[in-house]
Structures are given as structure tokens and as C-alpha cells.
Amino acid sequence: VITPESYFRKQLEIAAKSNETADVLISSYGGNVIAGNDMIVAFKEFSGKKSVTVGAFAASMAANFVLNCGVNVKCYKNSQFLFHGASCITYGGADAMQDSADWLSKINEPIINKLIELGVPEERVREGFAEGREMILSADEALEYGIVSQIIDADADPQTKVSAKQATQLASLGMPQTAIAALTSETDIEAELEAKIAQATSELE
């Protein structure tokens, strides 16, 4: 039986055996939650070089993959990200319906909490996860909240900007806002974070 997650794992195994980079391009309306979560696990377990780029659309479970894949994600200026609550079909009485509702809450809450932790306003997130609702983020918003680390611009050299989360980290470690704003290279950002953390650690010793 070929399922989305088993096919994905097979492709990762091929990449691992041939020592190739696993480049994942996402342009998807989403799909099954269990399959998607297993794909996230498989991607995290892959020990080789890997990357994720979002095309036109990452919706539903595809957006959750972007949120939890564990690597810096790139997207395009016209990329969009759609988040919403999980849904299911249940047959049975009130108890069966309640069991399904509890299960859906367990699926939704980790995603809701992570979005809020990244800085997306809680009211907006919870409205987007309400019954029949959706929350759509533009590429600029995804960059602002640190869901992606780079917007690919076909008309200019690609640059990685400091995400809101990284800017907060650097500011808390004493880096001036003007210096933070000047960082554009992903390598520079990571180097500054490592240097500031090392400095703070040495001062505590």
C-alpha cells in the first residue's frame, strides 16, 4: 500500500543512500493529519542536508508541516499560508461526538500554541481555528512571525532577514536595534546569536 507518508519516507531513504540533499517543495492544500505528522517525523529523522521551500500555497496540514519541519523555510512573495482547525466525520451518539471533539482539540492546540509563541496575535489565531474559519498569512507575515526565514525575490538577490523571534533574542542579549536590522545573511544571524549567547554564558561563570 502506497500512502503519502510511506512514499515520502521512501524518497528520503533514496536521498540518504545516495547522499543527496532532501529538497522539499510544498504547494499543497493539505491532507490527512496522521499522514502529515508522520511526514514531519520522517523529515526530522533524516540526517542529511535538507531544505523546504513553499510555492504558491501551503494550507492546512501542509502549513503545519512548514511550522514544524525543524529547518529554515523559504517562500516566494506570492506564497500564502492557511491554518485552520482539524475536522473529521463521526458516526454515533453524543459520547462518540465528544470523543471526536476532544481528539480534534488535541490536534489543534499544539498548532495554536506554537503560532501564538511565534507572535501571531492570540485573538487572530483562535478566530482562525474556530468552527468553519481559516487564518491566512501572506509571505511577509510568515517572515515577520518567523514561520519562514527568507522570501525569494526573483528580481533581486535573495536575502535572509532577521525574524521577529531572532530579533527578540538578539535584543535580549544586548544587541542594538540598528545592528539587528543590518543583519541579512542567515550565516551572520546565526553567528551573532551564537556569539551573544557565548558571551552571556561566560559572563555568568
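How are H3 and H4 oriented to each other, roughly parallel or oblique? I opened the notebook with this and came back to it after the entries on the model and on H3.

**Entry 1, the model.** I worked on a predicted model, in which local features need pLDDT of at least 70 and side-chain atom pairs count only at pLDDT 80 or more, while totals for chains, interfaces and linings use all residues. Residues are numbered from 1 along each chain as its sequence is written, and side-chain values use heavy atoms, with hydrogens and water left out. I noted nine helices and seven strands in the protein, where helices (H or I, at least four residues) and strands (E, at least two) are DSSP runs numbered from the N terminus. Of the 205 residues, 35% count as buried; buried means under 20% relative accessible area, exposed over 50%, and partly exposed in between, with a 1.4 Å probe and protein chains only. I also looked up contacts, meaning heavy atoms within 4.5 Å: among those between residues at least 6 apart in sequence, 58% join residues at least 24 apart.

The buried residues are Met61, Ala62, Ala63, Asn64, Phe65, Val66, Leu67 and Asn68. Just after H3, glycine 70 takes a positive phi of about 85°.

Not counting residues up to four places away in sequence, asparagine 64 touches Asn37, Ile40, Phe83 and Ile111.

I read an angle of about 55° between H3 and H4 (residues 94–117), with their axes 11 Å apart; axes are lines fitted to C-alpha atoms, for helices over the stretch in contact, and angles run from 0 to 180 degrees between N-to-C directions. H3 and H4 are therefore oblique to each other, given that angles under 35 degrees count as roughly parallel, over 145 as roughly antiparallel, 65 to 115 as roughly perpendicular and the rest as oblique. The contact is made by Asn64, Leu67 and Asn68 of H3 with Ile111, Lys114 and Leu115 of H4.

The axes of H2 and H3 come within 10 Å and cross at roughly 25°, which makes H2 roughly parallel to H3. On the H2 side I listed Val33, Gly36, Asn37, Met39, Ile40, Phe43 and Lys44, which meet Met61, Asn64, Phe65 and Asn68 in H3.

Lysine 44 lies in H2, residues 33–45, and counts as partly exposed because its relative accessibility is 49%. Leaving aside neighbours within four places in sequence, lysine 44 is in contact with Lys50, Asn68, Cys69 and Gly70. I also noted that lysine 44 and valine 71, 27 residues apart in sequence, are 8.7 Å apart in space, C-alpha to C-alpha.
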